Amino acid sequence: MVIKVFLASSSGSTAIKKKQQDVLGFLEALKVDYAPLDIACNEDNRMWMRENVPVEKKPTNGIPLPPQIFNEESYCGDYETFFDAKEDNAVYAFLGLPPPPGSKEAKEAEKAYILENGPVENGTVENETVESETVENGTDDAEDDENLEAEEVEEENLDDDSLKREVPMEEFNGDEHTEEVEAEVGGETGEEAGEEAAEDAAAEEKVAKEEEAVKDTEEAAEDTKAPLKQEAQEEVEDEEAKGEDDQPVSEEEEELRQLEQEEEDE
């Protein structure tokens with residue numbers, strides 16, 4: 001589809017020249033293909049324009065003034081309607097062209113169409129949706145592939161770790177690593193042994209003090225008991241001696257004593 005812009009290259013009206021420049025400049029900015037048709041130098045162009053402008057769009061004198069815009073054979077409008085479409089961000093709709101994907105006009109047209117008719121099944125909006133879904137699906141597939149690759153790498157690493165665990169430490173890392181491990185273990189064991197030795201020494205010292213205190217108590221008790229025991233023994237002996245003295249002497253014992261005394265005197 002070619003946009004036809006009918007204009008007058010040799011117009012003496014400054015206003016007409018300005019309007020023509022505005023239309024052409026905006027179409028170039030939008031990168032819309034158009035064909036400028038001069039009615040001042042070409043009678044056929046002038047006659048065709050006058051015949052194809054709708055009657056209701058013609059001025060009261062019946063002669064339409066440039067610029068007049070057509071899409072092939074279809075009439076689009078004059079400068080005033082073009083300016084209104086530009087203000088409303090609806091130039092592509094004014095020209096009868098589909099707005100480019102991602103443009104502001106395309107988004108607004110999509111929203112308006114959905115509000116009026118519901119989700120689009122056919123047309124540009126559907127194509128854009130399909131394309132966006134395709135891109136998203138492609139991205140999702142790529143992400144899934146990356147996730148699968150990451151999982152495979154992780155599984156391989158896990159297998160390697162399992163093999164490493166099965167291999168003895170000396171064979172896997174060599175004597176150097178073994179020495180490091182032994183040094184670390186030895187350091188930890190030495191520290192623990194030092195702490196345990198300190199605790200044992202403290203416990204032994206406590207026990208020794210308790211035993212010494214018990215021993216001192218027993219010695220003191222023995223020192224206290226010895227005099228008491230000796231006194232009790234002496235008391236027992238005194239009582240026994242006293243008992244012997246106090247026991248009455250029989251006649252026979254008395255006679256024997258006297259005989260012994262007489263013999264001694266002789």
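Trainee: How many salt bridges does a search of the whole structure find?

Mentor: Before we count, this is a predicted model, where local features need pLDDT of at least 70, side-chain atom pairs count only at pLDDT 80 or more, and totals for chains, interfaces and linings use all residues. Residues are numbered from 1 along each chain as its sequence is written, and side-chain values use heavy atoms, with hydrogens and water left out. A salt bridge here is a side-chain nitrogen of Lys or Arg within 4 Å of a carboxyl oxygen of Asp or Glu. Searching the whole structure that way, the number of salt bridges is 5.

Trainee: Which residue does K4 meet in a salt bridge, and which parts does the pair tie together?

Mentor: The N to O distance is 3.8 Å, and the partner of K4 is E73. K4 lies in strand β1 (residues 3-7) and E73 in the loop between β3 (68-71) and β4 (74-78), so the pair links parts 69 residues apart in sequence. Helices (H or I, at least four residues) and strands (E, at least two) are DSSP runs, numbered from the N terminus. So the parts tied together are strand β1 and the β3-β4 loop.

Trainee: Is K4 buried or exposed?

Mentor: Buried means under 20% relative accessible area, exposed over 50%, and partly exposed in between (1.4 Å probe, protein chains only). E73 has 52%, which counts as exposed. K4 has 19%, so K4 is buried.

Trainee: How far apart are K18 and D22 in helix α1?

Mentor: These two form a salt bridge, with their closest N and O atoms 3.4 Å apart. Both sit in helix α1 (residues 14-29), about one helical turn from each other, and that separation is 4 residues.

Trainee: What kind of aromatic pair do W48 and F70 form?

Mentor: Rings of Phe, Tyr and Trp (its six-membered ring) pair if their centres lie within 6.5 Å; planes under 30 degrees apart count as stacked, over 60 as edge-to-face and the rest as tilted. The whole structure has 7 aromatic pairs. For W48 and F70, the centres are 5.0 Å apart and the planes make 65°, so the pair is edge-to-face.

Trainee: Which residue has its charged end over the ring of W48?

Mentor: A charge sits over a ring if NZ of Lys or CZ of Arg is within 6 Å of the ring centre and within 35 degrees of the ring normal. W48 also belongs to one aromatic cluster with F6, F70 and Y75. The charged end over its ring, 5.0 Å from the centre, is that of K4.
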